[in-house]
Amino acid sequence: MSRSRSILDQRWPSVACWTIVAAVLTGAAIGREPAVAIYLVSFVYYGLYWYAFAWGVDSFGVFKRDAMLLKAVSVAALACVYLQAPPDVLSLGTIALGILLNARAAAVLGIDRTYYGHELGGLPARHITEFPYSLMSHPMIVGNVMAFGGTLLNPAFRADWWPLATLHVVLNLGLLAMERAGPRRRPAIRLAGLLVLAVTAATATVAAGHDPDSSRLSQGTS
């Protein structure tokens, strides 16, 4: 019994996140509201990051796996609607630069440190001076902002989905603030993160519900 409880304690944030994703997708399928699913599954992984940073994790491996998978779901949701818009060279170029910057930073850090291995996994502190850390302190956040913000340079995508990309940019800036605050300020992070995620959920729900062109998800963007 104690062993089962220990496993459950390690995995309950994982179960909670995937239950939310499953519930959103099921509800959207039943109600035939794909925009609702796109908006809501896009931001679950930010909640996982916040929870882990604010309360810690029992299993770093479980957290890392779920963070990677949930971020993949989020990026896939954004790509699903972005790729329906006509191509825009400036937008695609900015997104590519952001992805390359992010990928280079992750390669320098290593996969564990990319997912808060120092803060959550017990890895020792390490001062990194390789590019792009030789130029900036948080290149992964900068890369994310460039990539998500770059989608807004596409006029067709921006017209229908600007709240989606804007929320991604805002939440990445929130992650930056959380990282700079550090684990020692967990009480403040808990409160601030809860408020930010509540506002995000409300904003995403309103944006999805009032999107007059959400039906075009299944028809393509003209």
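Residues are numbered from 1 along each chain as its sequence is written, and side-chain values use heavy atoms, without hydrogens or water. In this predicted model, local features need pLDDT of at least 70 and side-chain atom pairs count only at pLDDT 80 or more, while totals for chains, interfaces and linings use all residues.

Helix H9 spans residues 155–181. Helices (H or I, at least four residues) are DSSP runs, numbered from the N terminus. Axes are lines fitted to C-alpha atoms over the stretch in contact, with angles from 0 to 180 degrees between N-to-C directions. Angles under 35 degrees count as roughly parallel, over 145 as roughly antiparallel. Contact means heavy atoms within 4.5 Å.

The axes of H8 and H9 come within 8 Å and cross at roughly 170°. H8 is therefore roughly antiparallel to H9. From H8, the contact takes Ile 141, Asn 144, Val 145, Phe 148, Gly 149 and Thr 151. The H9 side includes His 168, Asn 172, Leu 175 and Glu 179. By class, the H8 contact with H9 holds nine nonpolar, five polar and one charged residues. Here Ala, Val, Leu, Ile, Met, Phe, Trp, Tyr, Cys and Pro count as nonpolar, Asp, Glu, Lys and Arg as charged, and the others, Gly among them, as polar.

H3 (44–55) also packs on H9. Their axes come within 11 Å and cross at roughly 10°. H3 is therefore roughly parallel to H9. Tyr 46, Tyr 49, Trp 50 and Phe 53 of H3 make the contact with H9 residues that include Leu 171, Met 178 and Glu 179. Seven of the contact residues are nonpolar, two polar and one charged.

H2 (residues 34–41) packs against H9 at an angle of about 30°, with the axes 9 Å apart. H2 is therefore roughly parallel to H9. Ala 35, Ile 38 and Tyr 39 of H2 meet Asp 160, Trp 161, Pro 163 and Leu 164 of H9. This contact has six nonpolar, no polar and one charged residues.

The largest pocket has a volume of about 940 Å³. A pocket is an open set of points on a 1 Å grid over the protein atoms alone, where a 1.4 Å probe fits, with protein on both sides within 12 Å along at least five of seven lines; lining residues have an atom within 4 Å of a point. The volume is the space filled by probe spheres set on the points, which are joined across faces, edges and corners. Of 35 lining residues, Leu 109, Glu 119, Tyr 133, His 138 and Glu 179 are the closest to the centre. The lining has 19 nonpolar, 10 polar and six charged residues.

Two loops hold the backbone features. The peptide bond from Phe 131 to Pro 132 is cis, with omega near 10°. Pro 132 lies in the loop between H7 and H8. Tyr 116, in the loop between H6 and H7, has a positive phi near 60°.

Definitions and conventions
Parallel < 35°, antiparallel > 145°, perpendicular 65-115°, else oblique.
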